[in-house]
Amino acid sequence: MNAFTSCNPASGEVVFTRPALDADCLPPILASLRQAQHRWSRLDTAARAERLLLVADALAAQRHALAELVSLEVGKLLRECLAEIDKSVQLIRYYAELAPRLLAPQAIATGASKSGVAFEPLGLVLAIMPWNYPVWQVLRFAVPALMAGNACLVKPAPSVPQCTALLLDIVRDAGLEVLEVAWLNHDAVDDAIRGVDAVAFTGSTGTGRQIAAMAGRHLKKSVLELGGSNPFIVLADADVEAAAVEAAHSRFRDAGQSCNAAKRMIVVPQVADAFIDAFMAQVQALVPGHPADAVTTLAPLTRADLREALHAQVLDAVHNGARLLSGGVMPHGVGFYYPATVLDQVTPACRVYHEEVFGPVASILHARDEADAIRLANDTPFGLGATIFSADTERAWQLGRDIEAGAVFINRYTSSDLRLPFGGVKASGYGRELSEFGLYEFVNVKTYWQK
């Protein structure tokens, strides 16, 4: 990678580029951040919260300008981009209120006259971030890390330089000097990891393995939020219409480019036909179009190569026996659009059964019964989230204990909530973001003991 380049997904036009830097740029950036981190860590948590609240106010004031750049570079619907900014503002305000209490030293009674733990910063944390939520993902990692007294160095995705630069300007204008962006090429990542104290990565499982190997080689703490292929289980007593609405919203929002979306719809025989009919009605109501158009409900994909990879997965599924219920045809014309696609009768012979599908393609898997539905849900390398739709919520909670995932949602699509931990198991990574658990990922839980 020799440049950070914006390409408008709605037109395919390159709109901005800036050169990538090699590892020679790192020493002054790291030295400056370490000095800033030393000053920042000496502030109490209430003072840090006040500084971060200034960032929240500045972010809210520039929400439209930032959302428009996100839409331009990622291709998401403008209202989805505005929602991303608003959620990011909420995140800052949430931690500004929560963190001072949770980071306070805790006394623990032992045989000592005084003993307990303190939550102290690790130092400098590197974040290697994705393109699909370029504001939310950066702040979801950075805000709790900053509240804990760390400084943050962000390596953004190559395709979102303009919105990343504006986010950095907003942070700087608010007077925060402990967050910096490094426009690094891929070859400089190992040097960056060696020069920091911890690493956060959000992205594909394949790249996550590489980051984990680098972090392990340098003995750096790491948190990985990787891919997902979330099952959406519809049981015999489910509200089929409600399930179809939730499943369609989850699968096709953000053009299907979310790790935490419902991707595999698992249905039992009693409701299979009814669910498919209701789901297809939702799919057929989607309106592809320009992201800024108010009537558009299905945006383009972000890049041409992502669309090609998605289409190859669809063709493979059809070749291996899946039944195409809608879409599946590469469109002509400008932009990186792809139709809402539904594959029925998906089996292990299909790549989409085992791989993450990052785009507006839904797979329908037919379970023999309830137990088989849980088996299918777990028959994947991933373990980010899962949904169970059932009128018997007590039974659904019991079934949720058998699902291998970081989260189980009952009668709702999977999503992230500031107050709850977010992360996965298996090939979906390790560690947690958000809530108090995300706050503690990048601290040194230091024991104190006095005779």
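Which residue takes a positive phi just after α8? In this predicted model, the residue is L219, and its phi is about 55°.

## Helix α8

Helix α8 covers residues 205-217.

Five residues of α8 are named as buried: T205, G208, I211, M214 and A215. An α-helix has 3.6 residues a turn, so residues three or four places apart point the same way.

## The open sheet

Strands β5, β8 and β9 also belong to an open sheet of 6 strands. The order across the sheet is β7-β6-β5-β8-β9-β19, and the pairing is mixed. At the edges stand β7 (179-181) and β19 (429-430), each of which pairs on one side only.

Strand β9 comprises residues 221-225 and is joined to β19 by 2 bridges. These two strands run antiparallel. Within this pair, E225 stands opposite G429 of β19.

## Residue A198

Strand β8 contains A198. The relative accessible area of A198 is 0%, which is under the 20% cut-off, and A198 therefore counts as buried.

Leaving aside residues up to four places away in sequence, A198 touches L122, L124, V125, L126, K220, K221 and F442. A198 and S6, by comparison, lie 29 Å apart in space, C-alpha to C-alpha, with a separation of 192 residues in sequence.

## Helices α3 and α4

Two packed helices are described by the angle between their axes and the distance between the axes. For helix α3 (residues 63-74) and helix α4 (residues 78-102), the angle is about 125° and the axes are 8 Å apart. Angles from 65 to 115 degrees count as roughly perpendicular and those over 145 as roughly antiparallel, so α3 is oblique to α4.

The crossing of α3 past α4 is right-handed. On the α3 side, the contact is made by R63, H64, L66, A67, E68, V70 and S71. On the α4 side, L78, C81, L82, E84, I85 and D86 take part.

Definitions and conventions. Residues numbered from 1 in each chain as written. Predicted model: local features only at pLDDT ≥ 70, side-chain atom pairs only at ≥ 80, totals over all residues. Heavy atoms only, no water. Pairing = 2+ DSSP bridges. Helix = DSSP H or I, 4+ residues; strand = E, 2+ residues; numbered from the N terminus. Expected span 1.5 Å × (residues − 1). Buried < 20%, exposed > 50% of the residue type's maximum accessible area, 1.4 Å probe, protein only. Axes fitted to C-alpha atoms, helices over the stretch in contact; angles between N-to-C directions. Parallel < 35°, antiparallel > 145°, perpendicular 65-115°, else oblique. Left-handed = near helix turned anticlockwise from the far one by under 90°. Contact = heavy atoms within 4.5 Å.
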